[in-house]
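Hello,

Here is the structure I promised to hand over. Have a look at it first, and then read on for what turned up in it.

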Amino acid sequence: MSRAPRRAVGPATPIALKAPTPEAWYAAAAGSLEILLVDHANCEKKAASTALGLMFAYADDAPLGLSLARLAREELRHYEQVVRLLASLGHRYRRLSPGRYAGELRRAVATHEPDRRLDLLILGALIEARSCERFAGLAPRLPPPLGEFYRGLEAAEARHASLYGALASDYATCAGLDWGSRVESLATLEADLATRPDPLLRFHSGAPA
């Protein structure tokens with residue numbers, strides 16, 4: 001395990017999405033609410049698991065752990081809210097086969113430290129930013145109470161994206177890593193996965209195939 005720099009998190013270098021979500025994805029998602037909500041609930045669990053995984057992997061970094069503990073609590077609360085919404089709409093929460101998005105992003109993560117930690121934090125920022133964008137785009141397309149719920153989640157996801165961006169930027173500075181090239185590479189891959197034709201409709205899938 002690599003030892004983390006002892007430094008407070010500073011202002012983030014913004015990590016921007018390289019391509020917007022295709023309009024066809026929004027139309028498909030709004031017409032498949034059960035699948036959308038089930039996969040959304042799964043994404044919230046995965047987001048909490050990712051935060052916890054980072055806390056365990058870099059357990060000697062107390063500021064990182066405290067920041068991610070708060071984030072994990074929020075993600076689990078969102079999971080509970082989505083599952084309750086599913087039940088209120090008469091749908092059953094269930095397992096869905098995973099989409100390609102998270103798996104292909106994970107395969108791009110460096111296998112050695114300190115690069116691996118930087119990649120994981122950058123991906124955290126990109127995934128949260130994509131979620132934020134999709135919540136904002138879905139909100140006006142969905143009926144009550146879903147529209148209001150997604151509009152409320154947008155602010156939380158923006159905070160999470162900003163936190164991961166700040167952690168990544170600060171770590172790159174402390175460890176002397178090439179921030180620009182890693183953001184460019186990972187953001188390009190993320191944009192491709194979020195826009196390329198995709199056979200499965202999932203919360204982070206690409207355009208409907």
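Let's start with a charge and a ring: the charged end of Arg-134 sits over the ring of Trp-25, 4.2 Å from the ring centre. To count as sitting over a ring, NZ of Lys or CZ of Arg must be within 6 Å of the ring centre and within 35 degrees of the ring normal. Arg-141 has its charged end over the ring of Tyr-26, 4.4 Å from the centre.

Before going further, please note that this is a predicted model, where local features need pLDDT of at least 70, side-chain atom pairs count only at pLDDT 80 or more, and totals for chains, interfaces and linings use all residues. Residues are numbered from 1 along each chain as its sequence is written, and side-chain values use heavy atoms, with hydrogens and water left out.

Now for the rings themselves. A pair of aromatic rings is described by the distance of the centres and the angle of the planes. Rings of Phe, Tyr and Trp (its six-membered ring) pair if their centres lie within 6.5 Å; planes under 30 degrees apart are stacked, over 60 edge-to-face, and the rest tilted. Searching the whole structure gives six aromatic pairs. Trp-25 and Tyr-26 are both buried (under 20% relative accessible area, with exposed over 50% and partly exposed in between, using a 1.4 Å probe and protein chains only). Phe-149 and Tyr-150 form a tilted pair, because their ring centres are 5.7 Å apart and their planes are at 50°. Phe-149 counts as buried at 15% relative accessibility, and Tyr-150 does too, at 0%. Ring pairs join Trp-25, Tyr-26, Phe-135, Phe-149, Tyr-150 and Phe-203 into a cluster.

And where does His-160 lie? Its place is in helix H6, residues 146-175 (helices are DSSP runs of H or I with at least four residues, strands are runs of E with at least two, and both are numbered from the N terminus). With a relative accessible area of 3%, His-160 is buried. Beyond its neighbours within four places in sequence, His-160 is in contact (heavy atoms within 4.5 Å) with Leu-71, Glu-74, Glu-75, His-78 and Glu-128. Ser-67 is 93 residues away from His-160 in sequence, yet their C-alpha atoms are 9.8 Å apart in space.

Enjoy exploring!
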